[in-house]
Structure formats: structure tokens, C-alpha cells
Amino acid sequence: MNPSKELDRLRGLNAWAIERAMAMGADGAFVSTQSGLSSKVSYEKNDFSLVSSHRGGGLSITIHKDERCGGVGINSFERDEVEGAISRALDLARPTIPDPYIALAPQADYLNLETPWDDELVGMEPEQLLDLLSHLMKATRVDDRVSLDHVAVDRSVGVRCISNSEGMVATDRHAQLNWSLMGMAIEGDDVTGFDYLGNRARRLDDANAKMEASARELSSRLLGQLRARPLEEGYRGKVLLPPSLVEELLVDPLVYHLQGSQIMDGKSRMADSLGEKVAHESFTLKDTPHDTELRGATAFSGEGIPTEPMVLVESGKLKTHVDSLYSSRRRGTRPTGNGGGPHASCLAPGQFDRNELIGRAGRPVLFPSRFSGNLDPVSGDFSGVAKGATLEEVGVKPRPIKEVMISGNIFEILLAPMSVGRELKTDGGYYRLPDILVDEVSVISH
Amino acid sequence: MLDVLTDLIQGQDGYVELRYHEHRGNGFMAQKGRFDHSGSSIHRGVGIRVLENGCWGFSSTSDVSPGAIALGIEEARASARSLVKYRMNKVEGLAEANLSTISLEDPAYSRLMELSLEEKIGRVIELERALEKEHSKIHTALVSYSEIFEEKVIVTTDGAACSRKLVRPEIRTMAYLGEGADQVLAGRAVGVTGDWEALFGHHEAQNMVEETAREGLNLLTADHAPAGLKDVVLAPSLVGLLCHEAIGHTVEADFVEAGSVAKGKLGVRVGSELVSLHDGGQPALGEHPAGYLPFDDEGVSCSSTTIIEDGVLTSYLHDRESAYRHGQAPMGNARAWSYNDEPLIRMTNTWLEPGDMELEGLLEGVEDGLLVLGAGGGQADANGEFMFGSSCAREIRSGKLGKWYREASLSGVAFDVLQSIDGLSKDFRWDLGSGYCGKGQSAKVDAGGPFARCKMMVGGRL
């Protein structure tokens with residue numbers, strides 16, 4: 001794929017679709033097109049299972065008409081089908097309720113993020129992907145007690161163009177290698193639960209080292225879960241959260257309440273909390289949308305608003321809410337290009353390494369690797385199973401724990417004393433976060 | 001399209017499977033007096049799977065012209081050939097199956113297609129307004145409706161040549177009550193295979209506005225459920241979730257072969273004698289299950305698999321490849337969500353057979369426990385550990401229903417919970433039709449059963 005040529009094609013298609021929409025009676029239109037190709041190789045049930053390839057693209061169009069809007073998505077660039085989509089979108093808009101706050105983003109200048117584009121990665125053949133998969137699989141199965149249910153490597157290449165009838169045009173591209181691993185450890189009748197992880201590389205020469213790190217981490221976590229026993233006695237107190245759970249249990253629920261869309265609907269508990277304490281003083285949360293190592297990195301929001309780095313919570317105090325174009329118009333604020341919250345969450349690092357965090361617990365502390373349960377972002381209440389958990393104590397071998405449930409309220413936990421780890425980690429996705437030792441969690445033994 | 005695919009497959013060597021898939025979706029959502037979403041999507045294409053030299057290759061194309069599909073067949077063959085030197089255990093064969101040659105168009109498909117956008121959008125607006133007016137403590141009402149029109153045509157070199165058109169509508173109501181830090185969310189959701197008569201005739205759709213508001217008001221003053229191992233009576237939606245999450249996934253043959261807890265347990269008692277559990281695309285019990293299928297994505301006619309009979313594990317769920325290895329007959333459990341997805345072993349409709357008790361009788365047997373209502377999300381693990389959520393519960397004290405509790409999580413080990421079942425009601429409901437199963441791809445499924453009494457771990461607050 002030649003990204004420049006393909007983007008030229010999409011720009012032309014978007015412009016034509018907008019022109020047709022206006023000619024067909026729209027007051028305004030937004031068009032998003034994307035095209036790409038991917039190849040995937042899979043390993044299942046301890047054997048290579050499938051090679052697959054896909055090539056395609058899609059177009060979605062939102063029509064504004066008489067303060068109403070309707071949208072249609074199709075997986076075709078054929079002009080007659082695009083015209084059919086425009087006509088359908090007009091039909092979809094007609095019976096809805098007029099809303100004067102609906103708007104299109106204005107023209108803007110966007111930062112050039114210079115996302116890596118590795119021609120060697122783009123041109124990979126299936127055999128090269130199979131070699132990488134073989135390498136990943138062997139690195140994970142260092143011990144024959146590790147059983148891999150599913151391993152996949154895929155190479156994904158694509159471009160995207162968004163445009164609207166206000167003259168806004170924004171484009172980006174991606175070329176990356178993604179991998180995922182899911183498996184369990186088996187020793188006689190002892191079968192651990194599933195565990196999984198994934199990561200990605202944007203350059204082929206980064207891939208091997210990152211894959212080996214993923215393999216080491218997964219096999220270590222799986223083997224560490226063998227001979228797990230239930231916790232003898234529950235407690236209410238401290239739990240050590242890894243970065244993935246910091247995101248799931250602390251950052252995501254907090255961000256829900258910072259969004260203008262939740263505030264305008266009366267669902268946010270932080271509508272009037274600007275400048276107020278919403279978390280412990282060691283908690284500083286930022287949105288870093290220009291961190292190109294992360295999947296969420298982007299120079300523009302889905303509406304075409306330029307993104308900007310922002311401090312959301314500083315030393316526990318709420319600094320800002322975030323808004324889409326629609327919620328900003330409704331609330332009389334400035335759009336921040338964050339309709340769905342931060343693009344890339346980043347916490348300021350603390351001062352403790354993992355051993356120090358464990359020591360600060362003052363007792364054997366639960367360290368789950370995943371959470372399987374319910375979390376109500378409105379109330380902040382959560383309860384569920386702590387998966388892949390160990391009981392950690394300084395100087396003592398971690399003890400695997402099975403069938404332990406945890407529950408609590410996110411907002412009580414955010415305000416309670418916490419200790420923040422100094423090392424920030426990412427899985428290549430949407431965050432760069434540390435371990436955090438939190439308090440006020442109910443740990444319920446069987 | 002059936003003719004196009006049939007022509008293309010003539011003269012192909014080995015096993016080739018061509019699947020045309022058109023997925024048309026409509027979705028509408030009204031919230032707080034405004035219309036938040038009015039959208040459609042149309043995705044169509046052909047998925048091509050080839051078995052060559054004991055290896056699978058897959059490709060897909062959104063260009064459904066004969067030339068593009070023929071090119072896709074060659075790409076899939078090339079993919080299969082590239083795998084030959086890597087795959088250790090070649091696919092030795094595919095199980096003999098009852099391959100479908102039917103052409104089915106559910107009349108509900110055209111009835112719902114012909115229903116005007118004005119009527120569909122108007123119903124959403126009407127329900128949202130009614131819910132908002134239901135009680136002054138509801139500060140935000142939300143109603144969403146979606147429908148998926150699905151057309152599939154499947155042709156294989158060994159005899160499947162079938163087509164179907166089905167539609168699956170869903171309706172959801174949600175109410176936010178309270179303010180600031182003291183807010184609750186209540187809701188109802190229904191999904192079926194069929195038309196509006198089936199959707200709005202579903203028991204869960206009856207008075208769904210009033211019931212959503214009532215649940216929200218009860219939750220506003222409710223405590224958290226007490227934690228610990230409890231006697232519980234599960235509503236049919238929770239029984240369905242138990243069947244799907246805790247049992248169904250562990251008996252999918254790909255999970256079994258990877259080492260799930262069900263491996264090696266065929267013929268072994270895994271539940272009490274009351275437990276008989278099934279999965280099937282065309283179940284005889286109940287009406288309009290959301291996972292209804294006449295044939296699967298390998299073209300296999302769907303029938304039912306008895307997974308557990310009188311407490312004894314009797315079968316796994318298979319595609320044709322795993323069925324061949326296990327010497328069992330495939331019952332139609334190979335499913336793909338989109339044209340560019342390859343078929344995986346998936347559940348369809350999964351259910352527990354009803355018993356002979358009344359709900360009151362089940363409650364009477366509980367001294368101190370919970371009636372758990374309203375299924376939330378759930379997950380299962382290879383070792384049989386599972387967790388699922390419920391939106392609310394009622395206290396059971398000396399056989400009588402007492403106060404309301406807010407959301408509760410339930411967990412346990414699948415076969416231990418099945419062993420603890422000591423009572424089943426005689427009524428039966430499909431009650432998971434608004435859910436999707438995720439396994440790398442989505443799948444529309446349903447699940448259900450009677451009310452069931454058992455022991456489970458409840459995750460409350462200490």
C-alpha cells in the first residue's frame with residue numbers, strides 16, 4: 001500500500017460524497033473513510049491453525065438536516081452505494097427530534113505526529129508472520145506446563161480520512177504488528193484460569209524483543225498460578241493494583257465523571273468539583289494524545305477537533321472537564337477533542353518500586369492481575385473476582401490465590417491514602433500507568 | 001448469490017467453503033428528551049475457507065463479483081499452503097454432517113424491513129418520554145432499539161448449499177435516579193429472533209417502562225448484598241448466564257482440547273441429578289430465542305446437543321474438524337460474526353431443563369439467602385471458575401422475600417454449583433437474548449431455563 005496515494009483517493013472520495021450530500025438536500029455532512037489490509041496467523045490448541053488475509057475499507061457518513069442528523073456506514077466505495085447511504089442517512093434524520101446543538105467541527109491545523117511507518121513491516125509476507133508466531137510461541141512455552149489456547153500475530157496497515165462540509169479535512173495512517181497470547185498452566189489435575197496479554201510494535205526490528213517480553217511475562221504469570229489455594233480469611237484494606245487494573249478500576253470510572261456528556265445529563269458526580277479534591281494527593285492524571293508509542297495517539301478527535309495534552313487531575317485536585325463539540329455547545333464550554341475521554345491516559349510516577357509498595361502494605365497484600373466483575377461507574381461500586389491473584393509479602397515467595405472476590409467503591413478508594421509506583425508501563429494501548437497500592441478494598445475469601 | 005457461489009465452487013479440489021454474508025443494522029437511541037443516535041450500517045462480503053494439505057486458509061472480500069471471489073479462493077489456498085511446513089498435526093478430516101440445502105426466509109425479516117423508520121423511531125421516542133414521566137426521581141431516561149437483518153448463503157464442495165434471512169431486534173430501557181454521588185441505574189433489555197410481535201410479546205418487555213422505574217426506586221434505598229457463600233435462587237436470566245458462561249464455554253471443543261476443566265470428564269457426574277443441559281440452534285422449548293439458527297456457518301443443519309443429562313457430562317460442542325477428532329456428530333456450532341471472520345465453535349441457545357417445583361416452593365426451602373434477579377455481564381475460566389453480575393437481588397428470610405439489594409456479583413466453580421442445585425421450577429424462559437457472546441468475534445446467543453436453587457459465592461461489602 002502506498003499511503004500517500006491511498007489518502008489522496010480517500011480525500012477525493014470524501015469531497016465527492018460531501019458534495020453529493022449537499023446536492024441531495026443536506027445542510028451539512030461529515031464523512032469518514034478508511035482502507036487497509038491485514039494478514040493474521042494463528043496458533044490454537046498447541047498447533048498452528050490458520051493463515052488469513054483481508055483487504056477492504058469502509059465509509060461512514062453523517063448527514064445534518066434541519067437540526068437533525070442520521071448516519072450510515074457501508075463497506076464499499078462504489079459511488080452508487082455511497083449515494084444510497086446519503087439518501088438513507090437523510091431518511092434516518094427526518095423522524096428524529098430537532099437539536100440546535102448539533103454542529104460540525106471547523107477547519108483546523110493539526111500537529112504532524114510523525115507516526116512510524118516501517119516499509120519492511122508493511123511488506124511482510126505470511127511466512128514471515130509465521131516465523132514470528134513460531135518465535136513467540138516457543139518463547140512462551142518454555143515449560144511444558146504452559147498450554148496455549150490461542151496465539152495470534154497480525155500485521156495491520158491502513159489509512160483514514162475524515163472531512164466535513166465546513167472544510168475540515170484530517171488524515172492519519174498506521175502500520176503495526178500486533179500480537180496476543182492466551183493460555184493456561186496445567187499440572188496434573190491442577191488447571192489454572194486463562195490469562196492473556198498482548199502488545200504491538202510499529203517497527204519490525206522492535207518486534208522480537210517485545211514479543212519475548214510478552215512471552216516471559218505470560219508464562220511467569222501462568223506458572224505462578226499453579227497450586228493456587230483459596231484465601232483463608234478475608235480482609236478490608238490494601239490491595240496492589242497493576243497498571244491494567246489501575247486503568248480499569250481507577251482511571252476509567254474517574255474519567256466517566258469528567259466528561260461533558262455525563263455532566264449535561266446529570267450523571268456526573270463531579271460536575272461542580274473543579275478545583276476540588278477528587279483523589280489522593282499522589283494522584284496526577286494526564287491525557288497525552290501525542291505519545292506515539294500508544295495506540296490512542298492522535299492529532300485529532302473523531303469529530304476533527306485538534307487534540308492537546310492536558311492535566312486532568314493534579315495532586316488529587318480536578319483541573320478540567322473534557323468535552324466533545326456537542327457537549328461543549330450544550331454546556332457553553334470549549335471543545336477539548338475528548339468525546340470519549342482521554343486518548344492516552346498517563347499518571348505521574350510515584351516514588352516506590354514494587355517491593356516498596358508491597359512493604360508499605362504492612363501485611364500480606366493481594367495482587368490481582370485481572371478483574372472479572374461488575375463496576376457501576378455512576379455509583380462507583382464494584383465487585384467481582386480477582387483473577388490470577390497472588391498474596392505478596394516482602395521476602396516471601398508470592399502465594400497464588402484462587403477464587404477471591406474483591407469489592408468496594410472507586411471514589412472512596414481514590415480519596416483514601418494510596419502509594420504510587422515509580423515505573424510507568426504500557427501494553428501499547430491507551431495508557432502509561434504505574435502499580436498503585438490502594439486501600440478500602442473488601443477482599444472476600446470463600 | 002446461491003447460484004453465483006454454486007457456479008464458483010464447481011470443479012474446486014478439496015474442501016472449499018464460500019459464505020456470503022450481508023449484515024444490515026439499524027440503531028436508534030433517545031435520551032433525556034433528545035435523539036442521540038439514528039444510524040444504519042450495511043456490510044456485505046464473502047468469506048472463503050479452504051482446507052488444503054491438512055491446513056486451513058481463509059480470505060475475505062467485500063467485492064462480491066465472481067472474479068473477486070475466485071481471486072479470494074486462490075488467496076485462501078495460498079494461505080493454506082504457507083501453513084503446511086509449520087502445522088504439526090494436520091487436519092485429518094471433517095466429520096460427516098447433515099449438510100443443509102434449505103432456503104429459508106423468516107417472514108419476520110420482510111415484516112420488520114417494511115416497517116417504516118418513522119414507526120421505529122417514533123416508538124423509541126414514545127418509550128423514552130413515558131419512562132422519563134414515570135417518576136420524578138428519574139433524571140435521565142434512555143431507550144435504545146436495534147435490529148440486525150442477516151442474510152447468509154453457504155456453499156461447500158461437499159454438498160452444503162443453503163441460504164437464510166433472519167432478523168434479530170432488541171429493545172432496552174434505562175433509568176438514572178438520584179443525584180450526585182447517590183445515583184442508581186436500572187434497566188430492562190429484550191432481544192429475540194423475530195418481528196415486533198415476538199419482541200414486544202416477550203415476558204421481559206411487558207410493562208418494561210413501569211418495571212424499569214420500579215426497580216430504580218427500589219434500588220435507591222437498597223443496601224449492598226451481604227458477602228459470603230449463600231443459598232441463592234437464580235432467576236431464569238441468571239440460570240441462562242450460568243449455563244452459558246460457567247458450563248457452555250468449558251465444553252466448547254476448542255477450549256476442551258486446550259485443557260479446560262471439562263477435558264476427560266465425558267461420562268462423569270458433574271451436577272446433581274436434576275441437571276440436564278442442552279445447546280441448540282432450533283430448540284423446541286420456548287419461543288423466538290435470539291440465537292435461533294437453522295444451519296451454521298459450515299452449512300451444518302442445527303440440532304440440539306445434550307451436554308449434561310441427569311447430572312452426567314455427555315457431550316462437547318463441536319465444529320466439523322473437532323467432531324471428526326472426537327468421533328461425534330457436529331450439531332451446528334460453527335459460527336462467524338461477519339463475512340471477514342472465520343467460523344469458531346460457539347454456543348447458540350443454551351438451556352437448563354425445567355423441574356417440577358413452583359417458585360414459592362424453592363423460596364420456602366431457603367432460611368437465609370438471596371433471590372438473584374437481572375443478569376449482568378459474565379466471564380468463565382478454563383478451570384471452571386466463573387463470575388457474573390446481577391443488577392439487583394431480594395433477601396430471602398425463612399422462605400419469604402424481604403428487602404432489596406443493589407448489584408451483586410456471583411462466583412463459583414461451575415461443576416460445584418451444578419452439584420449444589422437442589423430445586424428447579426417448572427416454568428421456562430429464554431432470558432439472555434439482548435446479550436452478545438464475545439470470543440474474539442461477537443455472536444448472538446440466548447440462554448435460559450427455570451428458577452434454580454443452589455449455593456454460590458456472593459461478592460458484597462465487608
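This is a predicted model: local features need pLDDT of at least 70, side-chain atom pairs count only at pLDDT 80 or more; totals for chains, interfaces and linings use all residues.

## Domains of chain A

Contact between them involves 21 residues of domain 1 of chain A and 19 residues of domain 2 of chain A.

On the side of domain 1 of chain A that touches domain 2 of chain A, at least two residues each come from β4 (146-164), β5 (169-187) and β7 (195-201) of chain A. The largest share, five residues, is supplied by β7(A). By class, this side of domain 1 of chain A holds 12 nonpolar, five polar and four charged residues.

## Domains of chain B

In chain B, domain 1 covers residues 2-220 and domain 2 covers residues 228-459. Taken over C-alpha atoms, the centres of domain 1 of chain B and domain 2 of chain B are separated by 21 Å.

Here 44 residues of domain 1 of chain B are in contact with 32 residues of domain 2 of chain B. Two or more residues of the domain 1 side are given by each of these elements of chain B: β1 (15-31), β2 (34-52), β3 (55-61), β5 (138-156), β6 (161-179), β7 (182-191) and α6 (208-220). The side of domain 1 of chain B that touches domain 2 of chain B consists of 18 nonpolar, 15 polar and 11 charged residues.

Key. Residues are numbered from 1 along each chain as its sequence is written. Chains are lettered from A and ligands numbered from 1 in the order in which they are written. Two residues are in contact if their C-beta atoms, placed from the backbone, lie within 7 Å. Helices (H or I, at least four residues) and strands (E, at least two) are DSSP runs, numbered from the N terminus. Ala, Val, Leu, Ile, Met, Phe, Trp, Tyr, Cys and Pro count as nonpolar, Asp, Glu, Lys and Arg as charged, and the others, Gly among them, as polar. Domain bounds come from an automatic or database domain assignment.
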